[in-house]
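Please keep the model open beside you as you read.

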Amino acid sequence: MRSVIDIMDLSTAEIQDLIVTAEDIIENPDQYAHACERKKLATLFFEPSTRTRMSFEAAMYELGGHVISMSEANSSSAAKGESVADTAKTVSNYVDIIAMRHPKEGAALVASMNASVPVINAGDGGHCHPTQTMADLLTIWREKKQFDHLTIGFCGDLKFGRTVHSLAGAMARYEGTKLVLISPEELRLPDYVKKNILAPAGVPFTETTDLEGSMNDLDILYMTRVQRERFFNEEDYLRLKDRYILTEEKLKSAPERMIVMHPLPRVNEISVAVDEDPRACYFKQVLYGKYMRMALILKLLKEAGRL
Ligand code: NCD
């Protein structure tokens, strides 16, 4: 059973196909309005979410399908001690496809090994978030018309930010990708991402604490929130949370070509005034995420023989 746990589960050719489908949905939404009639998606979210869960739900509704939810972990059997494996086996009896978010790294993989329907990882702890990356990739594609030869600056919490890990992996497969990793010392990109993903692909990267000094080189600035819920103590969070704040003032000297992305939710990392800047793309990411999730649901249901 084909599931998507990591963005690397999809080849670059498959990503390109998903982009073609998503763009076709944008152009011809009516042609997809009944594509998933009588099919059901379960959203199993054991961690807070606004965008991702609603985006999956809106995606399934726009395909003519149905959604059943288990939004509150403490109102479900997980609160009684049920394992992820048992929940996945159980829910497989009710639906055609599952989207799951969980605070533990690897939870979605365990679910996929036990489910009899496709599982989509909607975020597992500080590990991966492939469908956010799909939203990011469609945004980059529509803004830049290319994936090759881009320099991306990731700024903020690169240690716990799962969207960074997934997008860094996805971009590592394109030619000429360069990364600038901007973070406090304590929140640097984990070694496993550098060793397992960047090094084998030969992606050049630099690490710095300086945001303003780095912007000139960038095609994309990807800002992130400091992941409070993954910190061991509040003091460290408070010390680091406002380290990087992107303002209009700082953007003045940034190149025209440099688009600003953020997976959202934003806390303080981007001042609201930046939203008016034509380079700000983070609300486009939200919209594109829905179309890419529609494309992915269609693909996985077809491959599973359920469409
Ligand atoms: C991200 C996540 O959950 O990892 N949000 C999202 O899905 N768009 C980023 C974050 O929570 O900071």
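**Notes on the cavities**

1. The second largest cavity is lined by Gly-156, Asp-157, Pro-184, Leu-187, Thr-224, Val-226, Leu-240, Lys-241, Arg-243, Tyr-244 and Glu-269. A cavity here is a set of points on a 1 Å grid over the protein atoms alone where a 1.4 Å probe fits but cannot get out, and lining residues have an atom within 4 Å of a point.

2. Before going on, note that this is a predicted model, in which local features need pLDDT of at least 70, side-chain atom pairs count only at pLDDT 80 or more, and totals for linings use all residues. Residues are numbered from 1 along each chain, and side-chain values use heavy atoms, without hydrogens and water.

3. What kinds of residue make up the lining of the second largest cavity? There are five nonpolar, two polar and four charged residues. Asp, Glu, Lys and Arg count as charged, Ala, Val, Leu, Ile, Met, Phe, Trp, Tyr, Cys and Pro as nonpolar, and the others, Gly among them, as polar. This cavity holds about 50 Å³ of space, a volume being the space filled by probe spheres set on the points, which are joined across faces, edges and corners.

4. Now for the largest cavity, with a volume of about 70 Å³. Its lining includes Arg-51, Gln-132, Tyr-282 and Arg-293. By class, that lining has four nonpolar, five polar and two charged residues.

How values were computed. On a 1 Å grid over the protein atoms alone, a cavity is a set of points where a 1.4 Å probe fits but cannot get out, and a pocket is an open set with protein on both sides within 12 Å along at least five of seven lines; lining residues have an atom within 4 Å of a point.
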